[in-house]
Amino acid sequence: MTDVTSSKSTRHPHHWRHDLIELAALFTAVVVADTIAKTIAKGPEGPYLLVFSAIALIATAAFHTWWARRSGHASHAPPAGDPGGRRALVPGARPEPGAPEEPRTEEESGRAAGTALWRMRTTVADTPGSLAALCTVLARLDVDILTLQTHPLADGTVDEFLLRAPADLSARALAHEVAAAGGRDTWTERADAHDLVDTPTRVLGLATRTALDAAELPLALRQLLGRCTLHSVPAVSLTGRPTGEQAPVEGVLEETVMRLRDPHGGTLVVERPYLPFTPTEFARARALVELDARLGPRLPRGRDVLTLPEGNEITVRRADQRDLTAARAMHDRCSARTLGLRYHGPVGDADRYLDHLLSPRFGRTLAVQTASGRLVALGHLLWDGDETEVALMVEDDWQRRGIGSELLGRLVAMAEEAGCDSVYAVTQSSNTGMVAAMRALNLPLDYQIEEGTLVITARLASGRRPGARTRQHGESRPAER
């Protein structure tokens, strides 16, 4: 709805003197024209009167123009206290409330773009004024504090900042100034736009992802705690011997290491050597693990139905330990050569390997099943500390149909979505199928070979859209069920 009152107030004020002058000029012009016409028609002074009338008309027009400009200048005069109408040009001046924002100059835009985001953590004394001294130093460096969290400790307070600093301010200079203001054990790291989300919102998002997918717990812990290493140590080894790793229910915090009881048995060990964990971080991590334990086994329900070049339909879906029986049956149908290429040697007890590989604690698993429901292929994305491994196995009768390439493309897309920098595959130099599938990713590859074992590392493309997947064998009809 239009505000009539405010729109009227923007019109120029009406002046009666302006109208009176215009009427007088019109009346004068009519009288002069009538007199000239009668004189020209009746007397010999006609030419002189024509010249006189032209001069009078020009003088009247000039007066009218001068008056109109004077009135217009007065109606557009700048407000009081702003001589010359240059309020918007004064550097640092704030616009009036409700006034439209002036466009930025190129220089101003360059200054705004010449900044960098930093995450900084430092420990200060738990005394009045310690935080104020730190903020004063940051203000002097033209550093803007975007977010601040405080973590009280026994011997001080850990302050965690998200900062917007000038681009030419180095991490060394920032840490030096912070130390001069009383900060110790200062740690800095470049941040990005994702860190602008406030901490409660970020924690709720991680909890939601964990609730939807059990395999998200290791990723959620990594994103919650920053750059750290996560190991899942089972209570029983692959050979059936107890490992002795069983953390108490409440967990254990030891400065740079925290141990949390794994709901699936065993212990989750989280290490961050460069920065001690705070009690607040420990409580958040334990809450995520408890959420995972309460919800039990769960997987996303999505599945894709694909058509192979020869016309057969296959279904690609997520798998977990509930598919152990079908996976064991697939192992029984595979040849010794296929099992040897997958596990790099003879497999004495495939059940324990499969139980480990299908566990969501160690990564994500994709399964391929036929229209009849038979499991014919498995693809694993395994969290290996700071690194990520991909592994494939396709039943003999279904090899050379593009299934391995399809699985590998999906696993790499998952790794990119999880923020991994690279993935590696351990195979044998004679496994031409796996080598060809890795090359088909069109990613930079590194090769390392030792005693017949080949390790291929793919550097993930940073510009690739997370979750994107390249079709590897031209299936004709993807669908959701």
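Me: Let's start with α8. Why is it largely enclosed by the rest of the structure?
Reply: This is a predicted model, to be clear. Nine of the ten residues of α8 are buried, so the helix is largely enclosed by the rest of the structure.

Me: Which residues of α8 are the buried ones?
Reply: Glu216, Leu217, Pro218, Leu219, Ala220, Leu221, Arg222, Leu224 and Leu225. Note that Glu216 and Arg222 are on that list.

Me: What follows α8?
Reply: Glycine 226 does, and its phi is positive, near 80 degrees. The loop between α8 and β5 also holds cysteine 228.

Me: Cysteine 228, buried or exposed?
Reply: Buried, with a relative accessible area of 8%. The cut-off for buried is under 20%.

Me: What does cysteine 228 touch, leaving out residues up to four places away in sequence?
Reply: Leu221, Arg222, Val270, Glu271, Arg272 and Asp386. Leu221 and Arg222 belong to the buried set of α8.

Me: How far is the C-alpha of cysteine 228 from that of glutamate 271?
Reply: The two C-alpha atoms are separated by 5.7 Å. Along the chain, these residues are 43 positions apart.

Me: Which strands does α8 lie across?
Reply: β5, β7 and β8. The helix runs at about 30 degrees to β8.

Me: And α9, what does that touch on the sheet?
Reply: α9 packs on the sheet and touches β6, β7 and β8. Its direction makes about 25 degrees with that of β7.

Me: What's the strand order in that sheet?
Reply: β5-β8-β7-β6, an open sheet of four strands with antiparallel pairing. β5 (229-233) and β6 stand at the edges with a single partner strand each, so one side of each has no neighbour in the sheet. On average, neighbouring strands are turned by 15 degrees against each other, direction ignored.

Me: Take β6 and β7. How many bridges?
Reply: Three, between residues 252-254 of β6 and residues 257-261 of β7. Valine 252 has arginine 259 as its bridge partner. Glutamate 254 is bridged to valine 257.

Me: What about the turn in that hairpin?
Reply: Two residues sit between the strands. Glutamate 255 takes a positive phi there, near 55 degrees.

Me: Next hairpin along. How many bridges between β7 and β8?
Reply: Five, antiparallel, with β8 covering residues 267-271. Leucine 260 has leucine 268 as its partner in β8. This hairpin has five residues between the strands, and glycine 265 takes a positive phi near 100 degrees.

Me: Switching topic. What's the order in the sheet with β1?
Reply: β2-β3-β1-β4, an open sheet of four strands, paired antiparallel. The edge strands are β2 (144-153) and β4, each pairing on one side only. Twist averages 15 degrees from one strand to the next.

Me: How many bridges join β1 and β3?
Reply: Ten, in the antiparallel sense, with β3 spanning residues 156-166. Leucine 117 stands opposite arginine 164 in β3.

Me: Which strands does α5 lie across?
Reply: α5 (residues 130-140) lies across β1, β2 and β3. The angle to β3 is about 15 degrees.

Me: Now pockets. What's the volume of the largest pocket?
Reply: About 1,400 Å³. The lining has 40 residues.

Me: Which of them lie nearest the centre?
Reply: Arg222, Gln223, Gly226, Ala418 and Gly419.

Me: How does the lining split by class?
Reply: Eleven nonpolar, eleven polar and 18 charged residues.

Me: Last one, the whole chain. How many helices and strands?
Reply: 14 helices and 17 strands. Buried residues make up 37% of the 481 residues. Of the contacts with a separation of 6 or more, 63% are between residues 24 or more positions apart.

Methods
Residues are numbered from 1 along each chain as its sequence is written. This is a predicted model: local features need pLDDT of at least 70, side-chain atom pairs count only at pLDDT 80 or more; totals for chains, interfaces and linings use all residues. Side-chain values use heavy atoms; hydrogens and water are left out. On a 1 Å grid over the protein atoms alone, a cavity is a set of points where a 1.4 Å probe fits but cannot get out, and a pocket is an open set with protein on both sides within 12 Å along at least five of seven lines; lining residues have an atom within 4 Å of a point. Grid points are joined across faces, edges and corners, and a volume is the space filled by probe spheres set on the points. Ala, Val, Leu, Ile, Met, Phe, Trp, Tyr, Cys and Pro count as nonpolar, Asp, Glu, Lys and Arg as charged, and the others, Gly among them, as polar. Two strands pair if DSSP finds at least two bridges between them. Axes are lines fitted to C-alpha atoms, for helices over the stretch in contact, and angles run from 0 to 180 degrees between N-to-C directions. Contact means heavy atoms within 4.5 Å. Buried means under 20% relative accessible area, exposed over 50%, partly exposed in between (1.4 Å probe, protein chains only).
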